[in-house]
Amino acid sequence: MAQTFKYAFIVVFTSLVMGGCASNQSVQPDTARAHYSPVEAAPGSAKAEKLWQAFERYEGTPYQYGGTTGRGFDCSGFITTAYREGLGQTLPRTTSQMLRYGDVVQPENVKPGDIVFFRIAGKDQHAGIYMGDNRFIHASTSSGVIMSELNGYYWKDRFSGARRFD
């Protein structure tokens, strides 16, 4: 009986995590981060600098499905918190709402501060904040709040679009 409950719990938990704003990639934090700042990628971008400060405050915070605080974030929870704290701007809470209400940005026009989306398991269900220089910040299931590269091995074939909230 205990084994059946354990199996059921694992199945339900995995379904919840994969069904929301999630990815199960195994991404290591970018060790070159110390040499990167959004100012290098976007000179004079106050928006990028404020979002960068939010990233530095929460870097390494663990992933938590539905999380919106420094105790844990899912990807859209991190984005909404970074925008609220860094820019004083309220965004829609979920990735699907962000996709619906944000202004469409063509891939060649993505700027620091835009929200980038990724298709995982056939569904747009992961998002991050583009910071310039091909990098984005996000809450990953495996490493928590980290920075990754758009053309990284896991992300390059999953990028599905971008939205802007001005």
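A residue counts as buried when its relative accessible area is under 20%. F118 has a relative accessible area of 0%, so F118 is buried. The model is predicted.

**Aromatic rings**

- The model holds eight aromatic pairs. One of them is W52 with F55, a tilted pair with 5.3 Å centre to centre and 45° between the planes.
- W52 and F55 both sit in helix α3 (residues 46–58), three residues apart, or about one turn of the helix. Residues three or four places apart in an α-helix point the same way, because the helix has 3.6 residues a turn. Both W52 and F55 are buried.
- F118 and F159 make an edge-to-face pair, because their planes stand at 75°, with the ring centres 6.1 Å apart. This pair links distant parts of the chain: F118 lies in strand β4 (residues 115–120) and F159 in strand β8 (residues 159–164), 41 residues apart.
- F118 is buried at 0% relative accessible area, whereas F159 is partly exposed at 28%.
- F118 and F159 belong to one aromatic cluster with F136, Y154 and W155.

**Helix α4**

- Helix α4 (residues 75–87) has 13 residues. Its first and last C-alpha atoms are 18 Å apart, close to the 18 Å expected at 1.5 Å a residue.
- The helix is largely enclosed by the rest of the structure, because 10 of its 13 residues are buried. Among them are C75, F78, I79, Y83 and G86.

**Salt bridges**

- There are seven salt bridges in the model.
- D166 bridges to K47, with the closest N and O atoms 3.4 Å apart. D166 is in the segment after β8 and K47 is in helix α3, so the pair ties together parts that are 119 residues apart in sequence. D166 counts as exposed, at 75% relative accessibility.
- E85 bridges to R57, and here the closest N and O atoms are 3.1 Å apart. The pair links helix α4, which holds E85, to helix α3, which holds R57, across 28 residues. Both ends are partly exposed: E85 has a relative accessible area of 35%, and R57 has 46%.
- R135 bridges to E149, the closest N and O atoms being 3.6 Å apart. R135 is in strand β6 and E149 in strand β7 (residues 144–149), 14 residues apart. R135 counts as buried at 12% relative accessibility, while E149 counts as partly exposed at 31%.
- D133 joins R135 and E149 in a network of salt bridges.

- H126 lies in strand β5 (residues 123–132). H126 is buried, with a relative accessible area of 0%. Its side chain makes a polar contact of 3.0 Å with the side chain of H138.
- D133 is in the loop between β5 and β6 (135–140). N134 is in the loop between β5 and β6 too.
- Most residues other than glycine have a negative phi. D133 has a positive phi of about 55° although it is not a glycine. N134 is not a glycine either, and its phi is positive, near 65°.
- D133 is partly exposed, with a relative accessible area of 47%. N134 is partly exposed at 24%.

Key. Residues numbered from 1 in each chain as written. Predicted model: local features only at pLDDT ≥ 70, side-chain atom pairs only at ≥ 80, totals over all residues. Heavy atoms only, no water. Helix = DSSP H or I, 4+ residues; strand = E, 2+ residues; numbered from the N terminus. Buried < 20%, exposed > 50% of the residue type's maximum accessible area, 1.4 Å probe, protein only. Polar contact = N/O pair within 3.5 Å; in protein donor to acceptor, adjacent residues only side chain to side chain. Phe/Tyr/Trp six-rings, centres within 6.5 Å; stacked < 30°, edge-to-face > 60°. Expected span 1.5 Å × (residues − 1). Salt bridge = Lys/Arg side-chain N within 4 Å of Asp/Glu carboxyl O.
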